[in-house]
Amino acid sequence: MRAKEIAWLRAAVEGVVIVGSILLAFALDAWWDERARRLELLEQVDVLAGEMESTRAALERVRGAHAANADLAAHLAMVLNGVDRGAEVVVSDTLLGPLLPQVTADVTTGSLDAFLAAGGLELIDDAEVQSYLLGWSAQVEDLLDDEIYLRNFVAADLARHLRATSDVARAERLSIPLVRGMFGADPPVAAELLGTVTLRREQELINLLAARETGERGMRSELEDMLERVDRIVGALNELR
């Protein structure tokens with residue numbers, strides 16, 4: 001009887017050891033898989049941080065352009081308001097030219113989409129930054145929609161009016177960017193005076209310029225909000241690197 005009890009006890013111990021070994025092996029596999037997944041996520045953090053830093057540079061570039069264009073539109077409207085209705089005003093290409101092309105941001109979200117799909121959000125402790133990451137793609141789409149709306153306004157309304165009421169040849173010439181170095185760190189400065197355009201003082205043109213100024217300032221505000229979010233996101237990502 002004693003020998004049988006010892007045999008049962010030995011079998012029970014061996015069973016526990018076997019089950020424990022299996023569970024330990026599973027736990028080690030799970031730990032290793034989780035460690036490998038976390039290391040992969042951290043690699044994606046570096047890629048995402050690079051994407052967001054490039055995004056910041058692109059947003060800052062167009063923010064400066066929209067701010068400059070808003071000032072140009074306001075200044076041109078002030079010039080036209082300073083003369084009698086129907087009077088002609090000669091302005092430089094460098095004043096009018098930047099108002100016709102539409103500057104757009106080149107922003108991608110591929111690395112962010114991959115980061116979120118891999119569960120990278122769990123690495124971020126800040127709930128507000130988590131919300132920024134989750135909503136970033138939608139915000140970029142909204143920016144694109146607003147850029148398209150402003151571009152259509154420029155093409156369909158402002159440019160059409162200028163071509164109909166001013167020197168057509170010069171207005172056509174203004175449809176390409178004319179001010180070199182406009183979007184650098186320094187304030188917009190004309191590298192050279194490329195010519196002049198004669199405008200007629202009409203209320204419709206003044207109204208179009210006011211609308212352009214409002215649109216440009218709205219874009220600038222939208223971009224400044226996005227830049228603040230990018231800074232918070234990059235800061236959180238840098239803490240993980």
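Is Glu-224 buried, partly exposed or exposed, and what is its relative accessible area? In this predicted model, Glu-224 has a relative accessible area of 33% and is therefore partly exposed. The legends below take this residue and several other charged side chains in turn.

View 1. Through salt bridges that share partners, Arg-220 and Glu-224 are joined with Arg-56, Glu-60, Arg-63 and Asp-231 into one network.

**View 2. Arg-212 and Glu-216 form a buried salt bridge.** The closest N and O atoms of this pair are 2.6 Å apart. The two residues are four apart in helix α6, so about one helical turn separates them. Arg-212 has a relative accessible area of 0% and is buried, and Glu-216, likewise at 0% relative accessibility, counts as buried, because the term applies under 20%.

**View 3. A salt bridge between Asp-71 and Arg-217 links helix α1 with helix α6.** The side chains meet at 3.1 Å, taken from N to O. Asp-71 lies in helix α1, which spans residues 2-81, while Arg-217 lies in helix α6, which spans residues 203-240, so the pair ties together parts of the structure that are 146 residues apart in sequence. Asp-71 is partly exposed, its relative accessible area being 46%, and Arg-217 is also partly exposed, with a value of 25%. A search of the whole structure finds 12 salt bridges, the pair of Asp-71 and Arg-217 being one of them.

**View 4. Four acidic residues form a negative surface patch.** The patch consists of Glu-141, Asp-142, Asp-145 and Asp-146. Asp-142 is placed in helix α4, which covers residues 127-165, and with 43% relative accessibility this residue counts as partly exposed. Membership of a patch requires over 30% relative accessible area and no salt bridge, so Asp-142, at 43%, passes the accessibility cut-off.

Definitions and conventions: Residues numbered from 1 in each chain as written. Predicted model: local features only at pLDDT ≥ 70, side-chain atom pairs only at ≥ 80, totals over all residues. Heavy atoms only, no water. Patch = residues over 30% accessible without salt bridge, like charges linked within 9 Å, V, L, I, M, F, W, Y side chains within 5 Å. Areas by Shrake-Rupley, 256 points an atom, 1.4 Å probe, with all protein chains shown as cover. Charge placed at Lys NZ, Arg CZ, Asp CG, Glu CD. Buried < 20%, exposed > 50% of the residue type's maximum accessible area, 1.4 Å probe, protein only.
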